[in-house]
Amino acid sequence: MSCLFCKIIAKEIPAKTVYEDETVFAFEDIHPQAPVHILIIPKKHLSTALEIENDDHPLIGHMFQVANRIARDKKVADRGFRLVMNCNRESGQTVFHIHLHLLAGRTMHWPPG
Ligand code: 5GP
Ligand code: ZN
């Protein structure tokens, strides 16, 4: 398995774990872009959002609920936070195992860069 995030799930590569259950894993981004920058990933390998199929809907919904839980735990839920999933090259996707970025702790700008 050559996927970086699959290796993080398998604990072959260390990461600062924030949350883990049977289907979802969350850990701190190695190059944080905000005071809170956490990646929420499915344990199932999906390369891009384009691979999400009907059977994956509960899993994807669960990723959002995990993001909500982390935002509350980090006390940023009321202030606000941003969830981002990049898809393919022009979006800036660099790791091809889908991940929700949870960004918070500072004012976000719009439109994004
Ligand atoms: P993308 O650009 O694909 O949307 O986001 C990939 C994210 O993964 C980036 O924010 C990057 O900093 C993060 N990242 C890349 N390699 C590692 C790693 O080895 N460990 C951790 N914790 N984050 C990583
Ligand atoms: Zn993977």
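**View 1. T23 is partly exposed, at a relative accessible area of 35%.** On this scale, buried means under 20% relative accessible area, exposed means over 50%, and partly exposed is in between (1.4 Å probe, protein chains only). This is a predicted model, so local features need pLDDT of at least 70 and side-chain atom pairs count only at pLDDT 80 or more, while totals for chains, interfaces and linings use all residues. A quick word on bookkeeping: residues are numbered from 1 along each chain as its sequence is written, chains are lettered from A and ligands numbered from 1 in the order in which they are written, and side-chain values use heavy atoms, with hydrogens and water left out. You'll find T23 in the loop between β1 and β2. Setting aside neighbours within four places in sequence, T23 is in contact with I41, P42, K43, L59 and H62, where contact means heavy atoms within 4.5 Å. K44 sits 21 residues away along the chain, yet the C-alpha atoms of T23 and K44 are separated by 7.2 Å.

**View 2. Four residues hold the zinc ion (ligand 2): C3 and C6 through SG, and H45 and H97 through ND1.** They coordinate the metal at 2.0 to 2.3 Å. Donors are N, O and S atoms within 2.8 Å of the metal (3.2 Å for Na, K and Ca), and water is not among the atoms, so sites may look incomplete. Along the sequence, the donor residues are spaced C-x2-C-x38-H-x51-H. H45 lies in the loop between β3 (36–42) and α2 (57–73), and H97 in the loop between β4 (81–84) and β5 (100–104), so this pair ties together parts that are 52 residues apart in sequence. H45 is partly exposed at 30% relative accessibility, whereas H97 is buried at 0%.

**View 3. Helix α2 has 17 residues and reaches 24 Å from its first C-alpha to its last.** That is close to the 24 Å expected at 1.5 Å a residue; the expected span is 1.5 Å times one less than the number of residues. L59, I60, M63, V66, A67, I70 and A71 of α2 are buried. These residues cover an arc of only 140° around the axis, which puts them on the same side of α2. The arc is that of the directions from the helix axis to the C-beta atoms. What do the buried residues of α2 pack against? Their partners are β1 (17–20), β2 (24–28), β3, β4 and β5. The face turned away from the buried side carries the exposed residues P58, Q65 and R72.

View 4. K74 is partly exposed, at 38% relative accessibility. Not counting residues up to four places away in sequence, K74 touches V18, V36 and I38. K75, which also follows α2, has a positive phi, near 65°.

**View 5. Zooming out, the protein has 2 helices and 5 strands.** Helices (H or I, at least four residues) and strands (E, at least two) are DSSP runs, numbered from the N terminus. From that end on, the elements run α-β-β-β-α-β-β. Of the 113 residues, 37% count as buried. The C-alpha atoms fill a box of roughly 35 × 30 × 30 Å, taken along the principal axes.
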